[in-house]
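Have a look at the model before reading on.

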Amino acid sequence: MKINDFKLERFFAKYEFTAPYLLCSSDCESFSIKEILDLEKGSEKELKKLWLGYTESQGNPKLKKEIAKLYKTIKPEEIIVFSGAEEGIFIFMNVLLKKGDNIIVQFPGYQSLYEIATSIGCEVTNWPMSDENNWELDIEFLKNNIKENTKAIIINFPHNPTGYLPSKEKLNQIIKLAKQKNIYIFSDEVYRLLEYNKNNTLPAIADCYDKAFSLGVMSKTFGLAGLRIGWIATKDKNLFKKIASFRDFTTICNSAPSEFLSIIALKHKEILIKRNFKIIKNNLNLLDNFFKRYDHLFEWVRPKAGSIAFPKIKFNKNVEDFCIDLVNKKGVLLLPSTVYDLNDKHFRIGFGRKNMAEALGKLEEYIKEHHK
Ligand SMILES: Cc1ncc(COP(=O)(O)O)c(C=O)c1O
């Protein structure tokens with residue numbers, strides 16, 4: 001298999017563990033093992049006794065039971081747990097797609113949602129999103145671009161990198177079209193439950209359509225990226241079987257301590273979400289204020305959900321040069337749109353971390369020195 005570089009990961013690889021101020025992280029503030037164990041009495045003793053053998057290849061049954069609670073109709077046996085969401089995307093695409101198949105996928109977007117298909121030899125149709133239109137997706141575009149060889153629609157709500165969240169009506173229109181044309185939907189829902197208005201939370205796609213796949217993870221909403229635990233929920237028994245079988249060639253099964261800690265975290269998910277949501281809300285207030293004060297330099301569409309947004313610079317500079325100069329001079333990391341295969345003026349900003357105010361202060365220092 002030949003695959004292009006994952007541009008975002010390559011950019012992160014250069015700076016993530018050296019830049020002191022990560023102002024573009026997509027995951028929420030993390031927790032320590034102690035903080036997770038403190039959620040449940042007796043769990044420290046249990047962890048010490050944990051057997052470190054191979055684990056059940058589709059995931060610990062207790063974990064699957066907790067994950068199933070995130071859905072309305074999904075049963076534990078309709079869930080397969082992976083080493084992160086990334087493994088789920090990789091396996092799903094490899095199991096479903098063959099050379100010449102078409103997929104329709106939001107653009108810009110998280111690269112693996114289209115790059116794996118490209119590496120297989122698929123025809124990838126970008127479903128365009130633009131800030132001129134508040135990142136809103138056009139259903140007419142989807143209608144006009146479904147073809148004989150279209151195998152799947154790939155969606156990601158809340159969206160990386162824009163924080164876009166469609167209405168329930170729009171999601172229903174997408175599902176209706178997929179049902180009419182008998183095509184699959186793969187829905188990357190890793191930022192689900194981080195909607196600023198809880199009435200806007202979309203139903204999980206796996207609860208809505210038999211040929212749909214919901215992707216979830218511990219990394220983002222729950223702030224536990226280091227556990228590397230993700231999953232797919234689906235009612236499609238046939239593809240489920242193939243996904244489970246392909247998995248024998250990737251990681252075979254999950255890490256036992258990660259599954260153990262994920263079970264506790266999910267049992268107490270409301271506490272984790274509440275803590276992370278509070279950080280996001282505080283940070284969003286700071287960003288609202290910042291972008292108002294510097295509206296001659298930046299423009300942004302306020303996100304509706306999640307921990308990231310995709311503002312743009314208005315000044316006359318290449319955005320990648322701006323990001324690199326900023327990290328070199330002030331140690332503040334932003335992600336230029338070039339890592340999203342876009343050659344424009346957008347950059348990704350992340351606001352799920354506790355030290356965002358400090359990082360934003362450093363960005364402001366840079367602006368005052370360079371853009372008087
Ligand atoms: C939209 C989206 N999907 C999937 C992933 C992969 O998640 P993980 O790294 O936890 O496997 C990410 C991570 O940034 C993401 O933003």
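## Ground rules

Contact here means heavy atoms within 4.5 Å. The model is predicted, so local features need pLDDT of at least 70 and side-chain atom pairs count only at pLDDT 80 or more, while totals for chains, interfaces and linings use all residues. Residues are numbered from 1 along each chain as its sequence is written, and side-chain values use heavy atoms, with hydrogens and water left out.

## The sheet and its helices

Seven strands make an open sheet with mixed pairing, in the order β2-β8-β7-β6-β5-β3-β4. Strands (E, at least two residues) and helices (H or I, at least four) are DSSP runs numbered from the N terminus, and two strands pair if DSSP finds at least two bridges between them. At the edges sit β2 (79-82) and β4 (123-128), each pairing on one side only.

Helix α5 (residues 85-96) lies across β2, β5, β6, β7 and β8, at about 160 degrees to β7. Axes are lines fitted to C-alpha atoms (for helices, over the stretch in contact), with angles from 0 to 180 degrees between N-to-C directions.

## Where the domains meet

An automatic or database assignment sets the bounds: domain 1 is 7-32 + 270-370 and domain 2 is 51-268. The contact takes 35 residues from domain 1 and 33 residues from domain 2.

There's one salt bridge between the two domains (a Lys or Arg side-chain nitrogen within 4 Å of an Asp or Glu carboxyl oxygen).
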